[in-house]
Every structure is written in C-alpha cells, then in structure tokens.
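Me: Got a model here that I'd like to talk through. Can you take a look with me?
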Amino acid sequence: MRFLILLTLGVCCCGCAESTSDGPSRYQISGEVLLNGKPVVAGTVQFEPDASQGNKGPMAIAEIHEGRYETDYGKGVVGGPQKIIVEAFDGNGEPGTSMMLGRPIPGGPFRTRADIPKENGTFDISVQS
C-alpha cells in the first residue's frame, strides 16, 4: 500500500512538467534577454546544466527575437544550476543567406550562470559585454 501511495505521488509530481519517458523532466521557460541593459535583437540562448554544481541533463536552445526567447515544448531546460550562453546579432541580416541574423555583436558569445527553478515559467537573462 505504501508503495502505491509513493508511486501515485511520483506520477503526480512528474505530470507538472514537460517530460519524456526517456529522460529528466524539462520545463518550458520564456523571458527577456538583455545585453548591457538593452534587448538583444536577434540570436540564440543556450542552457547547459552545470555539471560543476552537480546538475546534469540535456541542453536546451532557444531563438531570440526582439529581446525575447521561449523554449520549445518538450525541449525545455532541466532546471537547477545552468551555464547560459547568449549569441547576439544585430538583426540586419539577409533572409536565406548564411548571415540571416545579421552580424555578431562584438565580444560574444556572452556567458552567465544561474539557478533556474524546476517549473514552467519566466526567466529573464541579463549579460554584459
């Protein structure tokens, strides 16, 4: 009986997040991305679980458009300590070319670390050049 109660609680807790049967729970997050206090026009943000802090799991990548990002459903972050890498571009690119996002902002990629909650929600990112 105790086993069934624990199993039911475990299923209920896991059902609150995006998860697959093959890996850890992943959480869908979105937010603002600032570079030196200004929105990043175009780029990508990468979330890598920080193994030096005991966190592990798959990386997540999201595109940045007009200063905002959102992870894809089912491909979100695992939560916990993360290394965050922002690649920022000027947004003056040519569609269909290798420079679609424009020119890279000098000094990048920009890095920071953060502890992201293990739940769906909003997480804003601010980096400095």
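Me: What does the chain average for pLDDT?
Reply: The average is 87, and 84% of the residues score at least 70. pLDDT is the predictor's confidence in each residue, from 0 to 100. This is a predicted model, where local features need pLDDT of at least 70 and side-chain atom pairs count only at pLDDT 80 or more, while totals for chains, interfaces and linings use all residues. Residues are numbered from 1 along each chain as its sequence is written, and side-chain values use heavy atoms, with hydrogens and water left out.

Me: Where does pLDDT stay under 50?
Reply: Over residues 1–16, and the model has 2 contacts beyond four places in sequence for them. Contact means heavy atoms within 4.5 Å.

Me: New topic: Asp50. Buried or exposed?
Reply: Asp50 counts as buried because its relative accessibility is 2%; the cut-offs are under 20% for buried, over 50% for exposed and partly exposed in between, using a 1.4 Å probe and protein chains only. Asp50 sits in the loop between β3 (42–49) and β4 (60–65). Strands here are DSSP runs of E, at least two residues, numbered from the N terminus.

Me: And which side chains does the Asp50 side chain make polar contacts with?
Reply: Ser52, at 2.5 Å, and Arg113, at 2.5 Å. A polar contact is a pair of N or O atoms within 3.5 Å; within protein, one must be able to donate a hydrogen and the other to accept it, and residues adjacent in sequence count only if both atoms are side-chain atoms.

Me: What does β3 pair with?
Reply: β3 runs antiparallel to β4, with 6 bridges, and antiparallel to β6 (residues 80–89), with 8 bridges. Strands pair if DSSP finds at least two bridges between them. Pro49 is opposite Gln82 in β6, and Asp50 touches Gln82 too.

Methods:
Helices (H or I, at least four residues) and strands (E, at least two) are DSSP runs, numbered from the N terminus.
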